[in-house]
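Student: I'm new to this one. Could you pick a single part and walk me through it closely?

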Amino acid sequence: MEITTYGLDLAKSVMQLHWVDMETGEIHRKQLKRRRLLEFFANHQPGVVAMEACGSAHYWARELLKLGHEVRLIAAQFVRPFVKTNKNDAADAAAIWETVQRPDMRFVAVKTEEQQSVLALHRMRSQLIKVRTMQVNQIRGLLYEFGADLPQGRQRGLKEVPDALTNLENSISPMMLDTIRQQLKRLEEMDKDIAEIEKRLTLWKKDQEAVTRLMAIPGVGLLTATAIIATVGNMKSFRSGREFAAFLGLVPRQSGTGGKARLLGISKRGDTYLRSLLTHGARAVVNFQIKNRNPWIDKLLSRRPHNVTVVALANKMARTIWALLAARRF
């Protein structure tokens, strides 16, 4: 008995299905309301359901797995070349169905609810830090217009703000002084929120032996380890450490023809957040190796620029992480 393959284009309210009857070869296209989607698949024999790895895809994947179907999530960039002419829901569903048939296609692992919860904490923390940085820079810029020259750095700059406001009391209107003091209180609240999120990640880490092992790698801290476990989950979905590094965008782009390949700069593809965490961790190792200096880093620094060495170390860290998690027995 042949298994039916479905191409499912997700949307907020109306879903589009595309499949081919394995016995007659008839092409079927069907629109389904959100509330009818699970009912439709519950009344059909288990098959392969392909979807783009977009918003809510992991939720629907988990629900379809409970019904006995096999789910395959595909990155949107791999689906786009198979869209014929005009783009619409039916064309997208047909393109998804066509894409999943490719023998060399790569798929996205389905995330658990726990993984998505941890990633949600990371996303909220990242946004809070971004807003905090914007607020600090704005306060520095506004006070600079009145002659206050605050030192660089968030903590050093904020430490000098109260004295700067005291010195500028006669030249700044009371309403602006009150507003800036309110912004300082808001920054304090942001600091507390960020600390609370990091505390929750620390508590989650205690039950995750894999996170503890990753943190033993130089340059990998709490944020990097928890983000990798939550993002990847099963590292065996990558065939090698280099494939994982390529997923993070830490390998060179290639351009060539006639059998000659030319290596360019790093691709910067894949997960931007994980790549930035690994790069910052590698930069810390390169900049602050004082005791027990790494001969590999020193040798690379002697012949390559500093930033190239940092990215090379981040690539090596990614391959080490893959080797540790792919062969894990915990």
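Tutor: Helices here are DSSP runs of H or I with at least four residues, numbered from the N terminus. One note before going on: this is a predicted model, where local features need pLDDT of at least 70 and side-chain atom pairs count only at pLDDT 80 or more, while totals for chains, interfaces and linings use all residues. Residues are numbered from 1 along each chain as its sequence is written, and side-chain values use heavy atoms, leaving out hydrogens and water.

On the H5 side, the contact (heavy atoms within 4.5 Å) comes from Arg132, Val136, Ile139, Arg140 and Leu143, and on the H6 side from Arg154, Gly157, Leu158, Val161 and Leu165.

Now zoom in on Arg140, which sits in H5. With 15% relative accessibility, Arg140 counts as buried (under 20% relative accessible area; over 50% is exposed and in between is partly exposed, with a 1.4 Å probe and protein chains only). Leaving aside residues up to four places away in sequence, Arg140 touches Leu150, Pro151, Gln152, Gly153 and Gly157. Take Pro151: it is 11 residues from Arg140 in sequence, and their C-alpha atoms are 9.0 Å apart in space.

Key:
Helices (H or I, at least four residues) and strands (E, at least two) are DSSP runs, numbered from the N terminus.
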